[in-house]
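Hello,

Here is the structure for your files. My notes on its pockets and on one helix pair follow below it.

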Amino acid sequence: MTMSAEPESARSRIRAAVDELRPELIEFAADLVCEPSVQGEEGDAQALVRTRLESLGLEVSEIDASTVDGLENHPEYSDVGQEYDDRPNLLATSPGCGEGQSLLFNGHVDVVPAGDVEQWSFDPYAGEVADGRLLGRGASDMKGGVAAMIYALAALERAGIELTGDLTINTVIEEEAGGFGGSLATVLDASDAVENADAVVIPEPTGFDQWIANVGVSYFRVTVQGKGVHAAETDNGVNAMSKLLPIYSALEELHDERKTTVHDDRFEEWHEHTVSLNLGTVRAGEWASSVPDEATLGARISHAPAETREEIHDIVEATVREATADDPWFDDHPASVEWFGWRGSSARIEPSEPIVQTVQSVAETELDRPAHAKGFPGGVDSRFFVNYADTPAVCFGTGAYNIHGTDEYVPVDELVDLTVALAVLATEWCGYEVVDRD
Ligand SMILES: [Zn+2]
């Protein structure tokens, strides 16, 4: 039996339900923090999620990345050196009672390592709550977000609200290492829940803004040869470091040029420039009294959503070629450019996308937050849904407090706000009926 559904009454029911669930929400988020789920060790955290989803009456399915067809040959895939045993991705759908739009909440349960625990002022894996904060590794990136998306669903049930469209909860592994066995595997697995999703929301710690675009990222190294001789005969050798210098300068110039020529308004409203080229490492020589016979420069270059990774690789390789063209040494000893490590594609959806608009209006009315639509200057899992599932995806979550550093935490009030916002978002996006429980 259903009653007419006034938005105000639905919203107040949701707020009341989240208030009732607040202690449970915090406890669940704390339990997740207690699992040290660094890359490769996500199994126990996923088991906790599974149990919670099952207790909500949901059927949970697993995606084992090692059985996903086409993953290892996918252009985006990098081998990050981990087996996938006992590290499933999870999917659970709460079926809608009608034909409303469907929504998928995605979140990663892996965390980056705690580093030197001596530098923390609390145990990163104790899940302590103090002064209104949940403390620990992953509290804001993003076990708090994972708890919020699950409790948004729990709150809807408690509030007696049935969504018209499907709501899917999807928790994944390996995001911090690139997301290949996690969200990429989930997208390539092409289950109905993913194929039919009309939008994806990922509660990464965005400070209640939205990330609707991200840059692509590639790592490369340039190696040049020299001629090693004893220091007493320095002038008879060829110093590989000297040969690297014009390349170093040319790449610095490329960074300066791209800062002023590559533009994307989603980034530049919030950041000084859209893309960057970081010269990160130099290695040369082994001994102070030998002329170094080899030098290597390691770098990270990002590219805008309007550029492709192939274009960026061509630009870097051409820059190195031009920097060495006038020096005959390179005729017989060409500089090599090697693309290594993980690489990520860029992605972008328009601010006019209905999901972006819906998140914005919910954040404004429920939280009095503007939810600016921003570009994120790094890699993020939403790109897989945008690029390979053709589904608009945004990140929207709490603030980021010391993420990837020492003393990570999240304010409990922000977790509660996020849970309310995600539940209201689901009603706005999927449609709903209020069920008379009496
Ligand atoms: Zn994260």
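Helix H3 (139-158) and strand E7 (161-163) each supply at least two residues of the lining of the second largest pocket; helices (H or I, at least four residues) and strands (E, at least two) are DSSP runs, numbered from the N terminus. This is a predicted model, with pLDDT of at least 70 needed for local features and 80 or more for side-chain atom pairs, while totals for chains, interfaces and linings use all residues. Residues are numbered from 1 along each chain as its sequence is written, and side-chain values use heavy atoms, without hydrogens and water.

That pocket has a volume of about 270 Å³. Of its 15 lining residues, Ser94, Leu153, Glu157, Ile161 and Glu162 lie nearest the centre. The lining divides into nine nonpolar, four polar and two charged residues.

The largest pocket holds about 330 Å³. Its lining has 22 residues, with Glu175, Glu176, Phe376, Gly379 and His404 closest to the centre.

On terms: a pocket is an open set of points on a 1 Å grid over the protein atoms alone, where a 1.4 Å probe fits, with protein on both sides within 12 Å along at least five of seven lines; lining residues have an atom within 4 Å of a point. Volume is the space filled by probe spheres set on the points, which are joined across faces, edges and corners. Nonpolar means Ala, Val, Leu, Ile, Met, Phe, Trp, Tyr, Cys and Pro, charged means Asp, Glu, Lys and Arg, and the others, Gly among them, are polar.

Regards
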